[in-house]
Amino acid sequence: MDTRGPPKQRKLTDKELPNSLKHHETFAGEAQMYQELLEMERKLDWTMMRKKVEIEDALTRVQPVPRTLRIFLSHTVSGQVWQQPETGDPTHNFDTGQGIPAWQLKIEGRVLELPGQRPKDRLPLPKFSQLVKRMAVEIDRNPGAYPDGNVAEWPRAQTQTSPMDGFTLRKTGDAPARIRIILYLNHQPSQYKLHPDLANLLCLKEDSRINVIHALWNYIKINSLQDKVDRRTVRTNDELRTLLGAETVYFTQLPEIVNRFLMPPDPIVLHYMLNPATAPPERPIAWDVEVKLEDLSLKHRMKSVTLDANQATLKTLGDIDDEIAVHIQSLHNSVNKSTFLRSFSQEPAEFIQTWLASQSRDLETVLGSGISDGATIRLEDLKRSEFFKLPWVEEAVAIQHGFELSQKNS
């Protein structure tokens with residue numbers, strides 16, 4: 001059983017007027033205006049496509065914006081001496097941890113909203129765990145009393161996990177401890193620290209890889225180091241030659257050269273004093289650090305302007321294009337019909353013969369029988385010796401011979 005649906009109708013796309021209408025004196029003015037409209041549409045389509053490509057390219061190179069990441073540190077304690085009841089011996093449960101002195105350190109963070117930003121312009125901001133590449137917590141306390149677990153590390157998970165607003169570290173103990181928290185932030189795009197030699201040359205200490213390459217290129221342009229003949233080559237000056245150790249370099253080598261002078265950025269180091277013997281502070285301690293993020297609001301506005309076009313508008317434009325193509329096809333059919341009838345009215349007999357010959361050639365082409373040029377025998381058959389051995393050949397020769405004899409006798 002054939003389950004295939006009806007064949008899909010081919011969409012008409014031709015919008016060009018027939019040549020006879022373009023040069024017809026009655027329709028010359030309208031045809032000229034229509035051609036100008038087509039040319040204007042082509043230019044508008046090309047401009048819109050170019051702008052769309054430019055915006056798509058700009059979306060991949062949106063400059064990061066510095067945002068403020070506020071980090072909160074706080075702690076709670078449990079099972080401490082000052083929390084035990086005054087009467088009776090304290091009960092200890094090593095399975096559940098009840099009655100055992102312990103403390104919990106909370107590390108939380110959030111990106112602050114921009115001042116004066118309207119609520120409708122606010123977009124979801126990344127969670128704290130998404131802004132941390134790696135974190136280490138070092139606890140400074142007596143290693144004899146607490147030999148294990150004085151360093152805790154949190155590496156960023158390679159698999160997809162739910163983002164979190166913070167982390168909680170639980171430890172047992174009742175002695176005061178100095179805590180050192182080391183944070184490696186996840187900037188977008190990734191930031192790098194420049195080698196001191198390159199940093200002094202470009203007056204740049206930390207930035208993204210692409211911005212460092214742009215800064216080096218600007219340095220080359222400002223100092224006119226590009227070769228006058230071979231524009232792919234850079235002639236180094238004294239400062240750049242000392243840094244690179246070469247007289248000339250190619251532009252294609254700049255990214256590789258920059259990579260040699262990039263280092264991981266310095267981490268954020270926070271210090272916190274935790275004393276389980278006293279009640280925790282009522283409010284957490286906060287630090288503000290700078291983190292670079294993509295400008296999501298700008299991206300959203302750029303996408304809404306061009307990429308997220310109204311589907312209803314696009315459908316309407318498509319329907320209008322289809323309607324124009326149908327009318328143009330109707331004009332072509334009318335012109336062909338008019339030409340056919342006009343030729344027939346001028347020389348009916350000659351036109352019929354020409355038309356029949358054309359139809360015969362088309363039929364032979366469709367059937368694959370070759371072109372016979374109006375003859376009853378194809379030239380292709382005359383090239384084969386087997387053709388002259390067919391039964392009807394003798395009869396044809398006899399008839400032809402008899403015809404020639406009758407011609408002589410008469």
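Helices (H or I, at least four residues) and strands (E, at least two) are DSSP runs, numbered from the N terminus. This is a predicted model, in which local features need pLDDT of at least 70 and side-chain atom pairs count only at pLDDT 80 or more, while totals for chains, interfaces and linings use all residues. Residues are numbered from 1 along each chain as its sequence is written, and side-chain values use heavy atoms, with hydrogens and water left out.

**Stop 1: the cavity**

Select Leu 198, Leu 216, Leu 240, Leu 243, Leu 244, Ile 257, Val 258 and Phe 261, which line the largest cavity. A cavity is a set of points, on a 1 Å grid over the protein atoms alone, where a 1.4 Å probe fits but cannot get out; a pocket is an open set with protein on both sides within 12 Å along at least five of seven lines. Lining residues have an atom within 4 Å of a point. Grid points are joined across faces, edges and corners, and a volume is the space filled by probe spheres set on the points.

The whole structure holds one cavity of 30 Å³ or more, and the space in the largest cavity is about 30 Å³. Which helix gives the most to the lining of the largest cavity? It is H5, with three residues. Helix H5 (238-244) and H6 each supply at least two. By residue type, the lining of this cavity has eight nonpolar, no polar and no charged residues. Here Ala, Val, Leu, Ile, Met, Phe, Trp, Tyr, Cys and Pro count as nonpolar, Asp, Glu, Lys and Arg as charged, and the others, Gly among them, as polar.

**Stop 2: aromatic pairs**

Next, select Trp 217 and Phe 251. Rings of Phe, Tyr and Trp (its six-membered ring) pair if their centres lie within 6.5 Å; planes under 30 degrees apart count as stacked, over 60 as edge-to-face and the rest as tilted. By this rule there are five aromatic pairs. Trp 217 and Phe 251 make an edge-to-face pair, 4.9 Å centre to centre with 75° between the planes. Trp 217 belongs to helix H4 (residues 209-222) and Phe 251 to the loop between strand S10 (248-250) and helix H6 (254-260), so the pair ties together parts that are 34 residues apart in sequence.

Burial uses relative accessible area: buried means under 20%, exposed over 50%, and partly exposed in between (1.4 Å probe, protein chains only). Trp 217 is partly exposed at 26%, and Phe 251 is partly exposed at 22%. Now move to Phe 344 and Phe 351, an edge-to-face pair at 5.9 Å centre to centre and 70° between the planes. Phe 344 is partly exposed at 34%, whereas Phe 351 is buried at 16%. Then pick Phe 128, Trp 154 and Phe 167, which ring pairs link into a cluster.

**Stop 3: the four-stranded sheet**

Show the strands in the order S5-S2-S1-S13: they form an open sheet of four strands with antiparallel pairing. Strand S5 (166-172) and S13 are at the edges, each with a single partner strand, so one side of each has no neighbour in the sheet. From one strand to the next the twist averages 20°, with axes as lines fitted to C-alpha atoms, for helices over the stretch in contact, and angles running from 0 to 180 degrees between N-to-C directions.

Two strands pair if DSSP finds at least two bridges between them. Strand S1 (residues 65-78) is joined to strand S2 (residues 102-111) by ten bridges. To find this pairing, look for Phe 72 opposite Glu 108 in S2, and Leu 69 opposite Val 111 in S2. S2 also pairs with S5 over seven bridges, with Ala 102 opposite Thr 172 in S5. In S2, seven of the ten residues are buried.

**Stop 4: the second largest pocket**

The second largest pocket has a volume of about 340 Å³. Of its 16 lining residues, select Leu 185, His 187, Glu 206, Pro 265 and Asp 266, the closest to its centre. Strand S6 (177-185), strand S7 (191-194) and strand S13 (285-293) each give two or more residues to this lining, and S6 gives the most, with three. The lining divides into eight nonpolar, three polar and five charged residues.

From here, follow S7. Three bridges join S7 to strand S8 (residues 206-208) in the antiparallel sense, and Tyr 192 has Asp 207 in S8 as its bridge partner. S7 also pairs antiparallel with strand S11 (residues 262-263), over two bridges; there, Leu 194 has Leu 262 as its bridge partner.
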